[in-house]
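Dear colleague,

I am passing on a structure for you to look through, and below it I have set out what was found. Please read the notes with the model open beside them.

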Amino acid sequence: MKPIVRKILAGVVVLAIGAVAGPWIYINLIKQDAPDVLTLEPSVTTTTAAAAEPTETSTTVATTVTTVATSATDGEWAVVAESIVGYRVKETIVGQKTEGVGRTAAVTGSLTISDQKVLNAEFTVDMTTLKSDSTRP
């Protein structure tokens with residue numbers, strides 16, 4: 001075999017190994033794990049009522065309370081400062097599985113809920129502030 005053919009063949013082998021080994025090294029040794037999935041924390045509201053101390057002169061008065069059934073979610077809801085939006089993408093690079101994640105806190109907006117239905121919603125995200133978990137530009 002001629003020396004030039006050997007060099008070309010060696011170059012092809014090195015490129016093939018690099019094409020497989022490069023992504024494996026990046027994904028498994030260099031790239032940090034993706035941040036945890038965003039979740040909604042359950043909110044807990046505790047209400048306590050003060051009990052009246054019985055006395056010898058207490059009287060009982062009958063009262064009628066009328067309540068209108070509404071959902072606890074009815075009303076106008078606004079985005080709070082701690083809000084985060086983002087994306088999560090599953091990737092396969094030369095057979096190696098990984099996740100790409102990007103997030104930003106630059107989100108504003110609100111929504112209106114009535115009778116467990118969303119009547120109006122508008123959200124704005126400043127996509128120029130979106131930060132990826134990758135260090136690549």
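**Thr104 and its surroundings**

Leaving aside residues up to four places away in sequence, Thr104 touches Ser83, Ile84, Val85, Val125, Asp126, Thr129 and Leu130. Please keep in mind while reading that this is a predicted model. Thr104 is found in strand 3, and it counts as buried because its relative accessibility is 6%, where the cut-off for buried is under 20%. Two polar partners of this side chain can be named: the side chain of Thr129, joined to that of Thr104 by a polar contact of 2.5 Å, and the backbone nitrogen of Ala106, which lies 3.1 Å from a polar atom of the Thr104 side chain.

**The sheet around strand 3**

The strand that holds Thr104 belongs to an open sheet of 3 strands, arranged in the order 2-3-6 with antiparallel pairing. Strand 2 and strand 6 are the edge strands, since each of them pairs on one side only. As a general point, the strands of a sheet pair through backbone hydrogen bonds, and they may do so in parallel or antiparallel fashion.

On one side, strand 2 (residues 85-93) and strand 3 (residues 96-104) run antiparallel and are joined by 9 bridges, with Lys90 standing opposite Glu99 in strand 3. These two strands form a hairpin with 2 residues between them, and Val94, in the turn, has a positive phi of about 45 degrees. Strand 3 is also joined to strand 6 (residues 131-132), again antiparallel, by 2 bridges, and here Gly102 stands opposite Ser132 in strand 6.

**The second largest pocket**

Turning to the open spaces in the model, the second largest pocket has a volume of about 170 Å³. Its lining is made up of Thr73, Trp77, Ala78, Val79, Val80, Ser83, Ser110, Leu111, Ile113 and Phe123, and the elements that give two or more residues to this lining are strand 1 (75-78) and strand 4 (107-114). Strand 4 supplies the largest share, with 3 residues. What is the make-up of this lining in nonpolar, polar and charged residues? The lining residues divide into 7 nonpolar and 3 polar, with no charged residue among them.

One residue links this part of the account with the opening one, for Ser83 belongs to the pocket lining and is also touched by Thr104.

With best wishes

Conventions
Residues numbered from 1 in each chain as written. Predicted model: local features only at pLDDT ≥ 70, side-chain atom pairs only at ≥ 80, totals over all residues. Heavy atoms only, no water. 1 Å grid on protein atoms, 1.4 Å probe; cavity = no way out; pocket = protein on both sides within 12 Å on 5 of 7 lines; lining within 4 Å. Points joined across faces, edges and corners; volume = space filled by probe spheres on them. Helix = DSSP H or I, 4+ residues; strand = E, 2+ residues; numbered from the N terminus. Nonpolar A, V, L, I, M, F, W, Y, C, P; charged D, E, K, R; others polar. Pairing = 2+ DSSP bridges. Buried < 20%, exposed > 50% of the residue type's maximum accessible area, 1.4 Å probe, protein only. Polar contact = N/O pair within 3.5 Å; in protein donor to acceptor, adjacent residues only side chain to side chain. Contact = heavy atoms within 4.5 Å.
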